[in-house]
Every structure is written in structure tokens, then in C-alpha cells.
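Colleague: I've got the model open and a few things I'd like to go through with you. Shall we take it one question at a time?

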There are 2 protein chains.
Amino acid sequence: MKPQHGRRRVVIEDVSPQVDGGRHAVRRIAGGEVVVTAAVFADGKDDLAARVLYRHSSENHWRFVTMRALGNDLWSAAFRVDKLGVWRFTILGWVDHFATWVGELRKRLAAQSDASLRETMLGGGPNPGTGLNAGSNAAEQDIPIALRSGAVLVREAEGRARGNDAKLLAEFAQTLEELARENRATYDDPCNESVIELMTRYPDLTNATRYDVDIPVWVDRERAMFSAWYELFPRSASPVPGQHGTFRDVERELPEIAAMGFDILYMPPIHPIGRAFRKGPNNSVNAPPDAPGSPWAIGDRTIHPRLSLGAQAVGDQGGHKSIHPQLGTFADFNSLVTSARSQGIEIALDIAFQCSPDHPWVTEHPDWFNIRPDGSIQYAENPPKKYQDIYPLNFESANWRGLWDELYSVFEFWIYRGVRIFRVDNPHTKALPFWEWCLGELQSKYPDTIFLAEAFTRPHVMYGLAKRGFTQSYTYFTWRNTKAELESYLEEITRPPVSDFFQPSFWPNTPDILHKTLQEGGRPAFMLRVILAATLVSSYGIYGPAYELAESTPAEPPAGRGESEEYRNSEKYEIRQRSRNSPESLVPLITSLNRIRRENPALQSNTSLHFHPVDNPQLICYSKATSDFENTVLVLVNLDSFNEQSGWTSLEKIGCSAHESFMVEDLLNGTQYVWSGRNFVVLRPGSQPAHIFRVSRMQ
Amino acid sequence: MKPQHGRRRVVIEDVSPQVDGGRHAVRRIAGGEVVVTAAVFADGKDDLAARVLYRHSSENHWRFVTMRALGNDLWSAAFRVDKLGVWRFTILGWVDHFATWVGELRKRLAAQSDASLRETMLGGGPNPGTGLNAGSNAAEQDIPIALRSGAVLVREAEGRARGNDAKLLAEFAQTLEELARENRATYDDPCNESVIELMTRYPDLTNATRYDVDIPVWVDRERAMFSAWYELFPRSASPVPGQHGTFRDVERELPEIAAMGFDILYMPPIHPIGRAFRKGPNNSVNAPPDAPGSPWAIGDRTIHPRLSLGAQAVGDQGGHKSIHPQLGTFADFNSLVTSARSQGIEIALDIAFQCSPDHPWVTEHPDWFNIRPDGSIQYAENPPKKYQDIYPLNFESANWRGLWDELYSVFEFWIYRGVRIFRVDNPHTKALPFWEWCLGELQSKYPDTIFLAEAFTRPHVMYGLAKRGFTQSYTYFTWRNTKAELESYLEEITRPPVSDFFQPSFWPNTPDILHKTLQEGGRPAFMLRVILAATLVSSYGIYGPAYELAESTPAEPPAGRGESEEYRNSEKYEIRQRSRNSPESLVPLITSLNRIRRENPALQSNTSLHFHPVDNPQLICYSKATSDFENTVLVLVNLDSFNEQSGWTSLEKIGCSAHESFMVEDLLNGTQYVWSGRNFVVLRPGSQPAHIFRVSRMQ
């Protein structure tokens, strides 16, 4: 069967960026550019033209930007995305008969003048017998008839134009027609740049080909890409020994956290904690009666929410829309959110979609869970292990629509209460189609929301979650410790296709993960790992004050297992009060890192990351630069937390400089050096584990 | 908006093979396999199952093959394509609740027996205080209730089964139910392999996810991939000096061509040649009256076809459906086709969609051409060059539908006359949407047709033509002469994604291209280039007898240009009679090459091509093997046509052997050697420019 538009000769292929052929959105940050490239070609050798069409979902009309040819059939153009939400772009390409005509006319004119020159000088004429009429006069070069052909094209453009443009085109057509009638021996070029530019504004799009996908681009606010997270347990925040901390206590800590330079404060779940099978210290199944329990065992329907402001504040009875009474009220929560915002910090909540046996959903919606043949609800298990304090949700429930709506409403409930950033617990244990719908709905309604996926699982699943709407993701950074591991992992995640949909967040520790490197390397290891996290990628976080204090004692490994990545006396199961300002505290280093990140735009995105060779496998060297190279940061880190390491760098390409000398200033201590391609560095664990250089041209 | 099927937890991504997301067909050869891989994953840790669904377009029902997990969420399965034409495949994936249940039950059983063992030996019990009930009896491991859960799954499968299978499943469910009721202290595993296998045949597909594209696979006959082409000008085939050759003369040459081992005989256009602006020898514009003209200047409406057999044989009047009278009649043509077939040779025609000014379309359908403002038809030009003997077709014609139908009918006309292989001249100057339609229609009606694209143009256009249906394509082989050039080009075209849609044909010469390497290197260069063409890829061709005779004299370069790749006294413009059997003729070498290709299946496809290092840039080394490594061919070629070259090979991986010694037999001369990873080779231009080894294990 013939296509409807068989005259559309242009083919458009290999369009980038795109994620799975437009199935998922490319992600960009507001204010940034989308640089589009595509193969645009047709049969023959006619000139082509192409545009990127683009629009925000709120706009009715497509805007366009003209593509330019890069050679070899590749074309490119960029457009700026200045508004949050969904944008779409596609490509329109067509045969540019006018440009083709101009090019051929100019060749004819050149041949005509060569010929008249030769005739003047040598009396020569057309070159017989070779098939090549290398020279001829205007008539032999068909210039009069070519002028008439051009006039036809200009007349058609005149018909598409209006007002003065139409008038100018009519004049130009008339000029061509008159010249053709004069039938001269030689001609000058009748096409000037202004008339050519005018013609490009009225192309004949009748036979233009449009790429068959409108590629979605999701545009986030800047914090989606550039953020420093600080995680704390509010119940540990009380200054009174032995007392359960509150939102008010956290609010008092805000200046300290702001002074360190963090811009997101994230708290584990703040909801009522279940009583059935409550865990005691160190994950014990025999909890003492006063054990506070794990914040991730969510729900206690015996709790009635202490209401605060108006109808919006009414939560469920002790579930995901309630606040644990010992943390405070909705009014306290609101005060914390407001106070944080005034200090440049956003509150992030942890949304963990799982229930304690006491959660109200268990009685109100048992059909959202797996029911066993005896009518009981299936608790979490990984035989032979049982987690009887946790009921997982069943995403194959016949009533999945009701479940989806309720889960969605949890986010919306907290969005109404001023929260825009969510850390989502174990999203890889909830169905991916749910996330695609839920995050899609939320982001189109609240385009400033940010979702961090706490997924530590296989790459396809992690990337699958990112494609389905998670703004940021935890990563394998914790388990990438050697130079080779770090370089190959970073090269994977900071370049397309992954960087088009996946935004990494590097966490050297979490309440669940105290890596062996930190257990064994102690404070020097904590220093180097936070330096890596804060400078390799633009979003990172720490769980404090465990990190500042370099808490490194692991839990006893469970029977039959070699090592534990859990903390001894984990804050997940007990209240742990401590001050982050000990003499050995890493607060000064962390404060410097966050200042350096804020002051250097190069560190605020990932795509410029470039690794440089050093001749010592324990030293890693990388740079990041803004696209104009106005800001270039060069980082060297000693990956060995026990021994001094030294080596020679090879900086064949670092932003502003190639082979000549350049200035570097260590932003950690202010020292300045004159560097060139090869430099000798010595880095000492604990005292000077890294250089973070700002690079500048020699004055 | 929620999706219709929110319970479909499985996600399917990264499906291969596919060309542009299923926009174009993957190409395979009948009898071969399509090895499908995909990422298939879901939330959580349930077991999954997946199938490749596939069918030929003539079948109403999907067949399936079960995929197996490769690890890291990748799955794979292969199906055989045993019929020409369009196949489609897609993937179905689902959560396998029964497999999940079996796995968990077995963990429970293991924990139960560990516990009873410990109880017997140590009097130990559950391990309190760690959250890990590492041991317990059957009840503590919930085995009775797990058996009941399993019985539910089996009962559901029973409902989907019929006959004896249903009966067996009912018995198994009953066993599980009874065991659960017995409520023992310990249990044995009730699941044997036959019952597990039975369950996999009745999966619950209610919530199965189907990949959203049915990926097309075009299946060609073997000659699409494995072919040796021989091009000759029939008008040069007369044994009588000065006489215009005929199809009868070509028929007399068939045994010689068959003896060389070629299986496709391709002739330049056989249609009447235009008279207006006819070209003379060496492309002269002033042709003598008796000049035969160029076969590509097609059409002379003054010719009335000499009819032969029945209505089908009626051509147009002197156009693409007519035969040049001096070549013979339709009866002669038919005789040639039939005789060739009986000798294992297929006749390929050259279809060049362009017209001489005398072509019947010019008068009957002037609207298929570009009309100039003076009403004349636009001839081909590339200012300042004019080709007044050629009128190009206009694919933007308002009557494009009529044009497409007529062009299509040209192919069908010759298909009716027994031609199944077409070499298409300059397809890149005809609109790509036309080819997609025309070749798609032809191939679905005549799935044994083969189309060779004579496109020497930019990569996107060449690949664009292949994606739109051309079976084989000319390549850049002619201009890839160094080892680095050959290796990088071959690696591009013999691996996915390119190898999934592009089938190269290597031509060391054509009537249009006598490369500088051949001009300068003479006979030794002709030897090495045909050895490369015949062994690097599975389809190749030569233009003879110019090749056998190593004709190497180029035309005078046109004025103002440095070098010519045209032949002196090109056969395109004159009759050139010569015998291919001179003493220096390459016929024996070419005959050997074609025999070696036929006898070694390794050389009959491209995807196994692997390059091996040699420590001399003038020596190239590569191997090809069948997938079972039963046939492995190792080739070494001296790329220098002037000097002896020697070097050491590194054969770390060559099919049947790794580090141990192996036998090689040079198929060009029968010599045998014992080789290992490192071997010293000396190759001499002209006498022994290459080894073509068959590799075998030591006896």
C-alpha cells in the first residue's frame, strides 16, 4: 500500500536525545539546553533544510529552531527549556529547492565568468570531446532559464508571505524575470544574503517530512540535579539525655545543618510505629517494652492524629498520613518546614510503602495485601527469614486501582503540607507500572517535586525506575572503591544514554550501609569518600551525625554470614543522641566541600566529568568544567586511607588549557601552584587526602 | 490516567535484534536462527518466565519458545526461520508464582531439616535476638500453609489444562492438600521435575506483559547472503571480431563462467539505447554514427519490441520493458535465463531508472520529469557539467503514484521473465519512500527476489537504502586498502546493528571504478584485492573479463581533475572483445577462490569475522568459523603489491584451538603446516600473496 505522502523525500533517523525511542522522557534542568542531533537526508544531491519543533505541554503551538548541517548528513540545533514540566520536540526536514537553485546558479555564474575570461585571454571555448562543458557563456550555462526557474520559486514564496515580506519577494521575482528576459552574455549574482534569508522564512513545507515521534523531555528544577542531602533521625535530636527528640528539636538544629551547607534535610519515616513484632536494639526480635521501634515499621491505628490547621491536615488514623505522636504535631511539622525553607533547606520525607500489622490499611483494606490460604495476611519473608513486623503490599491485588489511588494520595497529602522532596524507600519492590503512573501524575500536577529512589538492586531495575519518573537515584558508589571501579562506573552514569534519564546521588553512608572501607579505614576513609561523593557528582548526601563523627563500628554479623554492613547499635532501632562537634568531627571538611560546590558551577552538573591519567592506581584525577570553561575544577584524591601516595599526572585536556602552564588554587586550603600537563603530587590520608583545584589561566 | 492493566508487573526492554525500534526489518537467511535477547524484569524478587512469540506472516497463530535467564535480568531464546518472507516476533513475560513458590518451599524445607538436625545433635532451637530464625521445625517454617498456597496455584493450572494433564495436576494438588492436613514435624520435597515441567505448560498469563512492538524479520534465501557475481557486457561477447554480441553469445560463455564458480551473471541494462546526445568512445560528446552508446542511456521509442511468447512478453515501445534489438529477442533472453539456471547461474539485470530523451516515457508521461519554465524537460546536470543524454525522473511529481506504479511494473515485467536478481543503478538518486514501498511490495509477492543497491554515497543513505529493502549493497571496499581501513570498516559492517540490516557485496572493480591501487599495482594488486573480496565477506563480484586480465589503464583525467577511476576505452561506450584465457589470466585464482568459498561454510556468512594481530601493518590476518567451529578458515594477505612482507601472528582465539598446536592446510595450494598462537609468515606479491588456511585439530 502506498504511503499517503509519497513525495516526502526526506528521511529523519537517529534522533538524539531520546530514551527508548521516546517511550520515556529525556530529563533536563530548567534554564538548560536540549541539544538535538539527527540524521536528515534524502536521495540525490539537493540542499535540505530542517527545524527542531518544540513546545511546552502548556503551549498550543510549536516553536522552532533551524538546524544546521554538521556534515555527513547529521544536523543539529538547540533549544532552551525555561519552564518546569513536560516538553516535546520533533524534527521537520525538507528539500530546499531555493537553496539548491542558488547553489547551482552560482556554479553556472562561475563557469560563465571562467568562460568569458578564457575567451578574452585565449579565445577558447567549450571543451569538446570530454563530456565536460567546462566553460561557456551565460546562454550555454542556461542562466536565463535558470533565472526563470528561480523566479517561479520566489513567486511561490511570495504567495506564502504577507505584508512587506511579500512585497520584497515580489520585487525579487520581478528582478529575476527581467534579467532572464534581457538574455545577456554574462550575469552578476542576483541573490544577496538578505533575499536568501527572506526566502528561508517562507519555505515550501508541502512535502516536508516530520519525524514520527514527539520526544518527551521532562524539565526539573535545579535542585533535581544539584543538591546536598543531610539525613538525620529526629528522635535522636533532643538535647535532653534519654528524651525522644521532636520536630522542634530538629528545628533548633537547622542553623548548624545550614552552616554545613546542606540544602535538603531528609528524615526517616515520621509516622506512628507499629507495636506488633516491634524490633528492639540491634534488630532484636525481643524488644524491651520501651523500645522505640523502627520508623520503617509504619502504622499504628490506635493513634489518633493530633490535628492542626483546617481540613487539609486531617490524616488517616495512624498510617502514612499521620505523625508519630512523640515527634510532635502537624503544627510542629509545619513550623519545621517553614523554618527550614527560610534557611535555604528543604525538608525531604521518606515514603516507605509497607505496613506494620497495626497499620489502618490492614483492617480497612486487607485486599491490598497477600492473603494466605488461612485468611491471614502474608508478612515479609525471605525463607528461612521472617519479617513479621512488615506486611508488604500486593501490586497484583484485584483492587489495584484503589491501592494506587491511596498511595498517590499519601504523596499528595504531604505535598499539601509543604513537602516537595521525597526519598522513596525500596521502590524496586513496588510495581514499575505503578511508579510510572504515580510519578507521572504527581509531576505533571506538581512539577517542582523531586523523588529520590532508594533502590540498591540490579542495573536494569534501577534504570527502569529512573525512566519511570524518579528524579534521583541512589547508586553503587558505596561499592565502587578502586580507581578502575570508580572510573568505569562514572563513565557509564554521566554519559548518554544513561545520563539522559538517570541522575545519581552518591551516599558514602546510609543508616543501612556502613561499608567495609569505612569500617576499616576510619576517619581518613570518611574524608576521602565524602570528597569523592561531593565532587564526582552534583548530588550527594550523608547520614549524620554518624558521618561527621566517623562512626565505624559494624554490627555483629548475623549467624552464617561473613560481614555486616549494618551499624552497631543502629539508630534504626534506638535513639542515639550525640553532638556533631567533637574535635575530630568532619564538619569543617564537609562545610568546605559544600561551599566549594556552591561557588563552582562546574561541580553542579555531571556531564563534563573527565578522568585524567595518573601513574599511580591509588590516585584518581578528574576534572569538571562549565560549557564555556569559565569555571574548571580539577580534583585529585588519594584512594588509600592508610598510606601516603604520590604520582605524576597527565593533563592533556583540561578545559581552559592544553599544553601551556596554568594556575591552580586548592579550594580546600587556598594554596596556589603553577601547573602544566605533567605534575608531581603527594597526598596524605587524614591530613591532605585530596586537592580540589580551581584552574585558571596564567595572568 | 491509569493503564488498563495495572497488575502487569513485568517490564520488557532492550530487545534485540531490532532495527530502529522495529521501524525496519531485521534480515536473516532461511534456515538460520534469530537469537533474541531482552531485559525482562519486575519489582521484587519473584521468579519470572518469558517466551519469544513468533510467526511467519502467512500463519494465523503465534508459536513460542521459552526464554532462559542469562543473569542480570537478560533473557534469551532462539527460533528458526524456515520460510522466506516476513516474520514477526515479540516477547511475553510474567511473574511465575509457581516457580517462586517452589524455590521458597525448598528453602523452608532446607531450614526445617537443618533445625531438626541441630535439635537432634545439640538440642538447639531458634536463634533468639538476631531477627533470624535460622532454624525451626516445619510448622515454624509455615510449611503446611505453604503447601496449601501451592495447592491453590496447582488447582488454577488444572483449570487451564485439559485431559491427562488436568488429571495429573489434580492429583498433585490433592497430594499437597493432604500433606498440609497431616501437619507433620518434617516434610520431604513434594515437587518432582515432571510436575514442575507440567506446571510450566499451564502458566497464568492474566498479568503477562507483552512487549509493545512486533519486530519484523525479513527472511531471504541463501543467495542473498552467499553469492559470487560476474558482470559482463553482452555486446562484447561475440567471438566474431567487430560484431555486436548477443544473448546467444553470452549463453555460449556460460560454461566458462560456471567453471570459474560464479553463481550470478549480471548484465548492464539490456534495453534500447537512446540516440539523442549519444556518447562516443571515452565518454565523448561527439559520437561517431556507428557508436553503440551507453547502455545506461535507456530508451528509444522508435524500437518496436520483437515479440516472443504470448501476451506477457509484450513490452513497452523501446523502454525499460524492451530489449535492445542487437542483443536478441525475448526468446533469446529466455533461453539465456534457462540455460544459466541449468548451470547453477542466475541472470541478474541492471535496473537504471533514468531515460534517454528518446525514451517512450518522455512523450507519454512528461509529468514524471522536471519541466523547465520553457516547457522543456530538465536533463541531468551538475553545473557546469551537463548530461543531456539523460533525463532524471522527478519523485516530487504530482503524478508520483503513476510513476511508482510504472517503475514497480518494470521489475514485475522481468520477474515474469524469470529474473529474480536485480542490480539497481544509483538507487540513492531515487526517493527512499519509493524504494520502501516498491521493494516491500515486490518482496512480499516474490520473496525470492534479491536487490543489489549500486549506491556509492554517504553512510546514512547507504544504510537507509538497506533498511528500506535492498538485499545487498555495494560498499566502500574499493577505497579501503590499508589494514586499519579494512579492519575498522569490516568491524562496522559485519556486527550489529549494521549487520542486522546491511549485507555487503565487495567489488574490487566495476565498469565505473578502476581504483588507483589496481592502476598502480597491476596483476599482483588484482590478486590480493580479489582474495580480500572473496574471503572477507560472503558476497562479492567482479567486472570481467577486465578483472581476469588485470586491465589497469585508466582514462585520461578530465580537465582540472587529478586522477580518473574510469577505464581507458571504457566498455561503457564501446564494444571490447577479448578472451579471458590469456597466460597471465587470473581465472585459475578466481576459480580456486570460488571453490574454496563453496567448500567452506565459514566463508558463507559474515558475522563470525574476527581479526587477529600481526606485527606487520602490511599483513592482515582474519578468521571465520561456523557457529559449531566445525569449519574454521584463517586468512593472511599481504596488502603490499610490490614487496615481500613477513611477520609474526598472534592467534589467541581461532575457533577450534586456543593455545595448543593445530593443523592448517593452505586451500590455495594444498600445503599443510602445524601452527600455534605465534607463527612466522612470509607472503610474496604475485606468487603467494595470501594463505587461505582451513584449520583443524591435530590428529
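Colleague: Let's begin with D73(A): where is it found?

Modeller: Quick ground rules: this is a predicted model, so local features need pLDDT of at least 70 and side-chain atom pairs count only at pLDDT 80 or more, while totals for chains, interfaces and linings use all residues. Residues are numbered from 1 along each chain as its sequence is written, chains are lettered from A and ligands numbered from 1 in the order in which they are written, and side-chain values use heavy atoms, with hydrogens and water left out. Helices (H or I, at least four residues) and strands (E, at least two) are DSSP runs, numbered from the N terminus. On that basis, D73(A) sits in chain A, in the loop between β6 (68–71) and β7 (74–80).

Colleague: Is D73(A) buried or exposed, and why?

Modeller: The classes go by relative accessible area: buried is under 20%, exposed is over 50%, and partly exposed is in between (1.4 Å probe, protein chains only). D73(A) has a relative accessibility of 10%, so it counts as buried.

Colleague: Which side chain does D73(A) make a polar contact with?

Modeller: A polar contact is a pair of N or O atoms within 3.5 Å; within protein, one must be able to donate a hydrogen and the other to accept it, and residues adjacent in sequence count only if both atoms are side-chain atoms. Contact in general means heavy atoms within 4.5 Å, and by that rule D73(A) touches residues including F41(A), H460(B) and V461(B), leaving out those up to four places away in sequence. The polar contact is 2.8 Å, and the partner is R458(B).

Colleague: What area is buried between chain B and chain A?

Modeller: Buried area is the accessible area (1.4 Å probe) that two parts lose on being put together, summed over both. Here 84 residues of chain B are in contact with 85 residues of chain A. K2(B), E396(B) and H460(B) supply 11% of the area that chain B buries against chain A, more than any other three residues. Carbon and sulfur atoms give 52% of the buried area, which is about 7200 Å².

Colleague: How much space lies in the largest cavity?

Modeller: On a 1 Å grid over the protein atoms alone, a cavity is a set of points where a 1.4 Å probe fits but cannot get out, and lining residues have an atom within 4 Å of a point. Grid points are joined across faces, edges and corners, and a volume is the space filled by probe spheres set on the points. The structure has four cavities of 30 Å³ or more, and the lining of the largest includes F233(B), R235(B) and H244(B). Its space comes to about 100 Å³.

Colleague: And which residues line the second largest cavity?

Modeller: That one holds about 80 Å³ of space. Its lining is F233(A), P234(A), R235(A), H244(A), P268(A), P269(A), H271(A), I273(A), P292(A), P295(A), H324(A) and L327(A).

Colleague: On to the backbone: what is omega for the peptide bond from P383(A) to P384(A)?

Modeller: Most peptide bonds are trans. P384(A) lies in the loop between β15 (380–382) and β16 (385–387) of chain A. The bond from P383(A) to P384(A) is cis, with omega near 10 degrees.

Colleague: What about phi at D14(A)?

Modeller: D14(A) lies in strand β1 (residues 11–16) of chain A, and its 43% relative accessibility makes it partly exposed. D14(A) is not a glycine, yet its phi is positive, at about 50 degrees.

How values were computed. On a 1 Å grid over the protein atoms alone, a cavity is a set of points where a 1.4 Å probe fits but cannot get out, and a pocket is an open set with protein on both sides within 12 Å along at least five of seven lines; lining residues have an atom within 4 Å of a point.
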